[in-house]
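Happy to walk through this one with you.

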Amino acid sequence: MSLKSQVESGIKDAMRAKETDKLRALRAIKSLILLEETKSGGTGGELSADDELKLLTKAAKQRRESADIYRAQGREDLLAVELAELSFIEEFLPKQLSEDEVKAKLQEIIARVGASAPSDMGKVMGVATKELAGQADGRVVSTLVKSLLA
């Protein structure tokens, strides 16, 4: 089942259950999907699984950044809304890896690529971002690669 049909089904369920937070988050995801489909134009409108993953990852990242800002400003009301939306978006994302799991995967990638110095960071990051897409935050991956190659 495509992401779009999963979201549409979730919207119907949220409307029936009168879950306003979930409904708002799902409508935001659907909006992103529709916008991306209209951008792609000639491809028939369907998004690939990678495109769907990128959309969800971007939406989750935006919610996290907004939540950090609201937390810093002491806006608990807005913080709660962002965290609720984030939790619904994360239901569609692959399971996030722990820092130890990311570190183990990065060590494996470093060995496979043959990286040994900080100057090899670009090679490692290219492979790591593809293999860990949606499973780990890019900032965490970057920081761990730096520490492992240092």
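What follows is a set of questions and answers on this predicted model.

Q: What makes up the secondary structure of the protein?
A: There are 7 helices and 0 strands. Read from the N terminus, the order of elements is α-α-α-α-α-α-α. The C-alpha trace spans about 55 × 45 × 25 Å along its principal axes.

Q: How do you know how far the predicted model of the protein can be trusted, and what pLDDT does it average?
A: The average pLDDT is 86, and 95% of the residues score at least 70. Among the elements, helix H4 (residues 76-90) has the highest mean, 91, while helix H7 (residues 138-149) has the lowest, 86. A word of caution still applies: where pLDDT is low, the predicted coordinates should not be read in detail.

Q: Why is Asp 120 called buried?
A: Buried means under 20% relative accessible area. Asp 120 has 13% relative accessibility, so it counts as buried. This residue lies in the loop between helix H5 (99-113) and helix H6 (121-131). Leaving out residues up to four places away in sequence, Asp 120 touches Gly 114, Ala 115 and Leu 149.

Q: Why is Arg 63 called buried, and in which helix is it found?
A: The cut-off is again under 20%. The relative accessible area of Arg 63 is 11%, and therefore the residue is buried. Arg 63 is found in helix H3. Its contacts, neighbours within four places in sequence aside, are Ala 28, Glu 82, Glu 85, Leu 86 and Ile 89.

Q: What makes Lys 18 exposed?
A: Exposed means over 50% relative accessible area. Lys 18 has 69%, so the label is exposed. The residue is found in the loop between H1 and H2. Lys 18 also has a positive phi of about 60°, although it is not a glycine.

Q: Why is Glu 108 called partly exposed?
A: Partly exposed covers the range between the two cut-offs, under 20% for buried and over 50% for exposed. Glu 108 has 48% relative accessibility, so it counts as partly exposed. Glu 108 is found in helix H5.

Q: Why does Gln 135 count as partly exposed, and what does it touch?
A: The buried label needs a value under 20%. Gln 135 has a relative accessible area of 23%, and therefore it is partly exposed. Gln 135 is found in the loop between H6 and H7. Beyond residues up to four places away in sequence, Gln 135 touches Pro 94, Lys 95, Gln 96 and Leu 97. Gln 135 and Thr 57 are 78 residues apart in sequence, and their C-alpha atoms are 9.2 Å apart in space.

Q: What makes Ser 48 partly exposed?
A: Ser 48 has 36% relative accessibility, so it counts as partly exposed. The residue sits in the loop between H2 and H3. The C-alpha atoms of Ser 48 and Leu 3 are separated by 9.7 Å, though the residues are 45 apart along the chain.

Q: What makes a set of residues a nonpolar core, and which members of the largest one touch the most others?
A: Members must be buried nonpolar residues, joined through side-chain atoms within 4.5 Å. The largest core has 17 residues, and Val 7, Leu 26, Ile 29, Ile 33, Leu 56 and Ile 89 touch the most other members. Helix H1 (3-17), helix H2 (20-40), helix H3 (49-73) and H4 each supply at least two residues of this core. The largest share, 5 residues, comes from H3. A second, separate core of 15 residues includes Val 124, Met 125, Ala 128 and Leu 149.

Q: What does Leu 26 touch, residues up to four places away in sequence not counted?
A: Leu 26 touches Val 7, Gly 10, Ile 11, Ala 14 and Phe 92.

Q: How many of the residues of the protein count as buried?
A: Of the 150 residues, 31% count as buried. The accessible surface comes to about 9,100 Å², and 53% of it belongs to carbon and sulfur atoms.

Conventions:
Residues are numbered from 1 along each chain as its sequence is written. This is a predicted model: local features need pLDDT of at least 70, side-chain atom pairs count only at pLDDT 80 or more; totals for chains, interfaces and linings use all residues. Side-chain values use heavy atoms; hydrogens and water are left out. Helices (H or I, at least four residues) and strands (E, at least two) are DSSP runs, numbered from the N terminus. Buried means under 20% relative accessible area, exposed over 50%, partly exposed in between (1.4 Å probe, protein chains only). Accessible areas come from the Shrake-Rupley method with a 1.4 Å probe; for residues, only the protein chains shown count as cover. pLDDT is the predictor's confidence in each residue, from 0 to 100. Contact means heavy atoms within 4.5 Å.
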